[in-house]
Amino acid sequence: MAPDESRNAVKNPTLGAEVSILLQREILSGTFLPGSPLREVPLSERYGASRQTIREALRSLADMGLVELHARRGARIPTLSPRRAQEIYTLRALLEPFALRMALVEGRIRSAERERIENAFTEMERCAARDDIPALIEADMAFHWELSSSCGHAMLLDYLKRLQNATRQSLVHMKVYGSDAEGEVESHSPILHAVRARNAEGAATTMRDHINAHGQRLLMKLLEQSGEVEA
């Protein structure tokens, strides 16, 4: 194992969950770029784990939307087309504000829900302060989930859970292509302020604007990478 990879070795090579966490962090930090193959033997050597453990970890990450598994080509980091990115963010811009507005209008965000939202925002602040990108991505997603999850609409929440996998993939691209120019904490602050004020319309509007702005930045970067627009 190369010296710079020794820190990635798992303490217990039989634990696929530990390998999954290590690999997830490296994917989310951009160590493995979109489109990169994830071959079992190099990964086994990198993490000091068996190929069976690597396969378990890859299946787990595939369930999260961070890895694609192909019968003949093996595993790889998904790529994201401009159209796919646009679909993800336009759908989120419709559904998440709707869920948040419903939760506020129906009075479903009470003290316990507000505490979870505040805690999720505080975790984003902590992750941003220590520049922990993988943890920041998960904190970002947790904050959005807490804002939506009080709506009480089971079918909507089921779909939002599935959308989170696509969102994880898009957030990886945002970090890789540097399209998240606006600070994570600052970009979410207006949403939190509106929720604190119990302003349903304001919260929905700021949520929609936030998602659209991030989606547009990612879309432009993807178009630049594909050569469809000039950088």
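Q: How many bridges join β1 to strand β3?
A: This is a predicted model, so let's start with its strands. Strand β3 covers residues 74-76, and β1 and β3 run antiparallel. The number of bridges joining them is 2.

Q: Which residue in β3 is the bridge partner of L38?
A: L38 sits in β1, which spans 37-38. Follow its bridge across to β3 and you land on A75.

Q: What is the order of the strands in the open sheet?
A: The sheet has 3 strands, with antiparallel pairing. Its edge strands are β1 (37-38) and β2 (68-70), as each of these pairs on one side only. That leaves β3 between them, and the order reads β1-β3-β2.

Q: Is α5 roughly parallel or antiparallel to α8?
A: Helix α5 takes in residues 111-129 and helix α8 residues 184-196. They pack at an angle of about 165°, with their axes 11 Å apart. An angle over 145 degrees counts as roughly antiparallel, so α5 to α8 is roughly antiparallel.

Q: How many nonpolar residues does the contact of α5 with α8 have?
A: From α5 come I117, E118, F121, M124, E125 and A128, and they meet V185, H188, S189, L192, V195 and R196 in α8. By class, 2 of these residues are polar and 3 are charged, while the nonpolar ones number 7.

Q: Is α6 roughly parallel or antiparallel to α8?
A: Here the packing angle is about 15°, and the axes lie 12 Å apart. Angles under 35 degrees count as roughly parallel, so α6 to α8 is roughly parallel.

Q: Which residues of α8 make the contact with α6?
A: On the α6 side, the contact is made by L136, D140, F143, H144 and L147. By class, the contact has 6 nonpolar, 2 polar and 2 charged residues. The α8 side consists of E184, H188, I191, L192 and V195.

Q: Is the crossing of α6 and α8 left-handed or right-handed?
A: Let's take α5 first: the crossing of α5 and α8 is left-handed. As for α6, the way it passes α8 is left-handed.

Q: Is I133 buried, partly exposed or exposed?
A: I133 is found in helix α6, residues 133-148. Its relative accessibility is 24%. Buried would need under 20% and exposed over 50%, so I133 counts as partly exposed.

Q: What distance separates the C-alpha atoms of I133 and E26?
A: Along the chain, I133 and E26 are 107 residues apart.

Key
Residues numbered from 1 in each chain as written. Predicted model: local features only at pLDDT ≥ 70, side-chain atom pairs only at ≥ 80, totals over all residues. Heavy atoms only, no water. Axes fitted to C-alpha atoms, helices over the stretch in contact; angles between N-to-C directions. Helix = DSSP H or I, 4+ residues; strand = E, 2+ residues; numbered from the N terminus. Parallel < 35°, antiparallel > 145°, perpendicular 65-115°, else oblique. Left-handed = near helix turned anticlockwise from the far one by under 90°. Contact = heavy atoms within 4.5 Å. Nonpolar A, V, L, I, M, F, W, Y, C, P; charged D, E, K, R; others polar. Pairing = 2+ DSSP bridges. Buried < 20%, exposed > 50% of the residue type's maximum accessible area, 1.4 Å probe, protein only.
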